[in-house]
Amino acid sequence: EPLIPMESSEAEPSESRPEEDGAAPGNCLAKKMEITVSEAEKRTGRNAMNMQETYTAYLIETRAVESQNEGQCSPVDSLWRRYSEFELLRNYLLVTYPHIVVPPLPEKRADFVWHKLSADNMDPDFVERRRIGLENFLLRVASHPVLCQDKIFYSFLTQEGGWKEMVNETGFQLKADSRLKALNATFRVKNPDKRFTELKHYSDELQSVISHLLRVRARVADRLYGVYKVHGNYGRVFSEWSAIEKEMGDGLQSAGHHMDVYAASIDDILEEEEHYADQLKEYLFYAEALRAVCRKHELMQYDLEMAAQDLTSKKQQCEELATGTMRTFSLKGMTSKLFGQETPEQREAKIKILEEQIQEGEEQLKSKNLEGRDFVKSAWADIERFKEQKNRDLKEALISYAVMQISMCKKGIQVWTNAKECFSKM
Amino acid sequence: MYFLIFFSMPFPIFFSLLAAPRPHNPPAHPPQRGTPLGARRKRAPGPPRGHTRVPSPPFPSLPFPSPPEPSRAEPCRGQVARAAAAARGRAAQGRSRSASSAAASASSAAAWQRGGGGQAPAVATQSRAEPSRAEPGRASSGRRPPAPVAMSGAAPGAPKPLPSSGPKSLREMPHPLATSSSEEMGPALSPSPDLLLPRGIADKDLSLPNGTPVDTSSPASSSSLLNRLQLDDDLDGETRDLFVTVDDPKKHVCTMETYITYRVTTKTTRAEFDLPEYSVRRRYQDFDWLRNKLEESQPTHLIPPLPEKFVVKGVVDRFSEEFVETRRKALDKFLKRITDHPVLSFNEHFNVFLTAKDLNAYKKQGMALLSKMGESVKYVTGGYKLRSRPLEFAAIGEYLDTFSLKLGTIDRIAQRIIKEQLEYLVELREYGPVYSTWGGLEVELSEPLEGVSACIGNCCTALEELSEDMTEDFLPVLREYILYSESMKNVLKRRDQVQAEYEAKLEAVALKKEDRPKVPTDVEKCQDRVECFNADLKADMERWQNNKRQDFRQLLMGMADKNIQYYEKCLTAWESIIPLLQDKPETK
């Protein structure tokens, strides 16, 4: 069964166990187990409505990591899962660990495509990139100090049959906050923690800027593709031209060949760039996960405020009944004034009920307060962890992007230098 | 006796003698340069060629308007010519494809071209003893006068203007620096002293009737010599004696119009120029005038193209820096090509263009000139059907067709690439700043993101420069060559017409029996024209081919270079931010 999410000691293992940058805590699953999503397969089957459907299944392979090896390889376990099961897992984690920034899944549908990329879910390139994304998701969860200990997660990796039932039995769907409630809370909360408000703004803006970046990048890729491919026409025309030339012929012909090479090189370049785009996308979706944590806080805070407000009004009522004065206007007070007073016994009974309620309320408020503070504490710890991870990952992504650009420039120099040499021999 | 004659003869005659009796050793220079040019010229003073040339003794039978020099009548040569003409007449009947065209120019080759080594520039100038057999290798390329002879070949004695030939002689032109009065262009103007600049090797032997030194006048040897010298100028620039540059564009605003003038600077040691240096200002219409004049006066030669005359107002700003600079480069190229041409560079109009302070005054005078010369200069156009085009000209024609097609394709591709690059640039310009915006959101990532943004900005600048360079340097040269091809095709057509006329007349003659042994001068004139044209054209074609190769080599290497520079700039930008990205903040 899932751990109680509020245990702050569990939420901060990284403090008790200082690791080097980027390494997951030593006790997490990723250290004990090798996880890969190694294959993808097209399947057909019947869905819930008993209709035929085609979907892709992914093979998850796991193997225990033996720290002391006598050269033995432990056996590989494997099972097949489809995307919807991954979604189910993630939803479970979201509900069960609302204070954690839960790693996102790769996109459900191809988005931010440029014309060469297919928007088709069944397209092999898309499937391949999704496979990588799913593996990345599992590794992220497995290296998270809190999430990696979840039993449902473990079963997801190891237990083929009956996993779905197991998840549903946890009843997590019932615990899920309704969207409407959350939206309401967002608008009406009076005193949320300032840090969460800032974080909310940050995640909104991050989503916006990364979306913009991905859109423009896709257009850039499109245009660059066009530039390279048109150069292929030079190859053809130089070849045709060389046929009517005597001395110039050879140089032209071989230069044309280099133009063809140039035109063909863009395919690999842009394929590599897609990985960069995928890295950006992960953080685009991470921004959504951040937002979810903020929403949870707002909800809890709103709940707290409502409970406090309710308590205050009850206390007030009690006081009014006891003292017989009417501080604030109430319909009840009016009617009782108009239509006669209650008997002292009735009043006593009412007061008694109220006092009980007040006591309950005060206890509830106390525990809610505690909950809220714990949530803030543990959430903020995870958020700090997330920030570090994000800075590391994005720096790496930018470096690898720069490296890609450098490689592209070097290739360009090479091709044009070769062409220039051919021209010089004309 | 023979010996005396030998030295007092103008060299063309010398050559005809030389060629007939014994083989001639070609000099060391590569034979393909300027060959046919020379070949034709030596033979007859005959047809109006539109270039300055020595008034070599005409055929006795030629009704050429120029007063013949009695001392120069060469029976020997005439006989050879007549015999050859007769042979031609016979051959014309038989009419094989190569024979007729070969016949047309063969006689000149036959007459004095024995033993010329080097390449045979195809059929038309193949020397042959028999009309029906073409002999490659004995081409007019063989004609390779030893240099000293060239010097002495000038028409001895009377400078004789040739009203029906080429441009007005310098002598007859008012000197730009002399008192300007529109003088009547008569054949017997006394030359102003400063126009006559004999080279000093020998006296009047060295100057043409029109005052140009012999180097250029004696067509065959000297022009071929010059061809060799001037075509080799990429190897040894010291042999060049004329340098022309176009620069310093300036805008002039007048009441009627606004226009741009360019400074044309000339430096020369040539005798035709009074001063070693000139600097004048010219506008586009002056260049256009020059080109027209050259086309009129040298119709057998390829005249380099000018950049396009008309620009769509509103689309292109004809006063923008880029446009003016592109045009300036093209005008400079135009003049340099003329400068490099062994015949065109001595053209009088060219000289005036380079030197006259008031070109407009000269232009007005030139109008009167033209009408007199126009008739003889202009060939008959149209009306004659060509029977068989010499293989080489057919080949050139086909080559040009394909060549201009391919150039057109390359032009379209280059334009497309520029267009795609500019669209890519538009996207990049939006892309870079987004990283900057993101950097504003972040703390630790702020610098790396700003760095990436700046880097992309640098790449944008580099790309912009690349596109500009291609637009300004690459496309105009391509287009120039397309124009060049077009004008070359026109010249080829003209040549065809000249040949067709000749063939038609020849056929007419052949049918009439009574004109036997005597070939009508009319027909001979045509024949001369054809041969001259073929020779000039071939020489120009070869030069053009060579220049084309160099021009395109340079052009394409330049294109490759610009792309290399673009990528190097981008590479530098990206490499420089790697350390920035890898930087770890001090406080962790």
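Me: In this predicted model, is H258(A) buried or exposed?
Reply: H258(A) sits in helix α11 of chain A. The cut-off for a buried residue is a relative accessible area under 20%. The relative accessible area of H258(A) is 16%, so H258(A) is buried.

Me: Which residues is H258(A) in contact with, leaving aside its neighbours within four places in sequence?
Reply: H258(A) belongs to helix α11 of chain A. With the neighbours within four places in sequence left aside, the residues in contact with H258(A) are V415(A), N418(A), A419(A) and C422(A).

Me: How far does the backbone oxygen of N351(B) lie from a polar atom of the side chain of T355(B)?
Reply: T355(B) is placed in helix α11 of chain B, residues 348-355, and N351(B) is among the buried residues of that helix. Between the backbone oxygen of N351(B) and a polar atom of the T355(B) side chain, the distance is 2.8 Å.

Me: What area do chain A and chain B bury between them?
Reply: The contact between the two chains involves 56 residues of chain A and 57 residues of chain B. In chain A, the residues that lose the most area to chain B are R223(A), Y234(A) and K395(A), together 12% of what that side buries. Carbon and sulfur atoms account for 74% of the area buried between the chains, and the total is about 5600 Å².

Me: Which element gives the most residues to the side of chain A that touches chain B?
Reply: Across this interface the rule finds 18 residue pairs in polar contact. The elements that give two or more residues to the side of chain A are α10 (194-242), α11 (249-323) and α13 (344-424). That side divides into 34 nonpolar, 9 polar and 13 charged residues. With 24 residues, the element that gives the most is α10(A).

Me: How many salt bridges are counted between chain A and chain B?
Reply: Side chains of opposite charge can pair when their charged atoms come close. K548(B) and E245(A) form a salt bridge through their side chains, at 2.7 Å from N to O. Between chain A and chain B the count of salt bridges is 8.

Me: Which residues touch the most other members of the largest nonpolar core?
Reply: The elements that give two or more residues to this core are α10, α11 and α13 of chain A with α13 (391-441), α14 (446-511) and α15 (521-582) of chain B. Leaving aside neighbours within four places in sequence, Y234(A) is in contact with residues including M259(A), I410(B), F474(B) and M559(B). Of the 133 residues in the core, those that touch the most other members are Y234(A), F238(A) and F474(B).

Me: How many residues apart in sequence are the parts tied together by R82(A) and E53(A)?
Reply: The side chains of R82(A) and E53(A) meet in a salt bridge of 2.9 Å, N to O. R82(A) counts as partly exposed at 23% relative accessibility. Because R82(A) lies in strand β3 and E53(A) in strand β2 of chain A, the pair ties together parts whose separation in sequence is 29 residues.

Me: Which two helices of chain A are tied together by R129(A) and D278(A)?
Reply: The closest N and O atoms of the salt bridge between R129(A) and D278(A) are 3.0 Å apart. R129(A) is buried at a relative accessible area of 15%, whereas D278(A) is partly exposed at 22%. Both belong to a network of salt bridges that also links E107(A), R217(A), E273(A), E274(A) and K281(A). The pair ties together parts 149 residues apart in sequence, so the two helices are α5 and α11.

Notes
Residues numbered from 1 in each chain as written. Chains lettered and ligands numbered in written order. Predicted model: local features only at pLDDT ≥ 70, side-chain atom pairs only at ≥ 80, totals over all residues. Heavy atoms only, no water. Contact = heavy atoms within 4.5 Å. Buried area = accessible area lost by both parts, 1.4 Å probe. Salt bridge = Lys/Arg side-chain N within 4 Å of Asp/Glu carboxyl O. Polar contact = N/O pair within 3.5 Å; in protein donor to acceptor, adjacent residues only side chain to side chain. Helix = DSSP H or I, 4+ residues; strand = E, 2+ residues; numbered from the N terminus. Nonpolar A, V, L, I, M, F, W, Y, C, P; charged D, E, K, R; others polar. Core = buried A, V, L, I, M, F, W, Y, C linked by side-chain atoms within 4.5 Å. Buried < 20%, exposed > 50% of the residue type's maximum accessible area, 1.4 Å probe, protein only.
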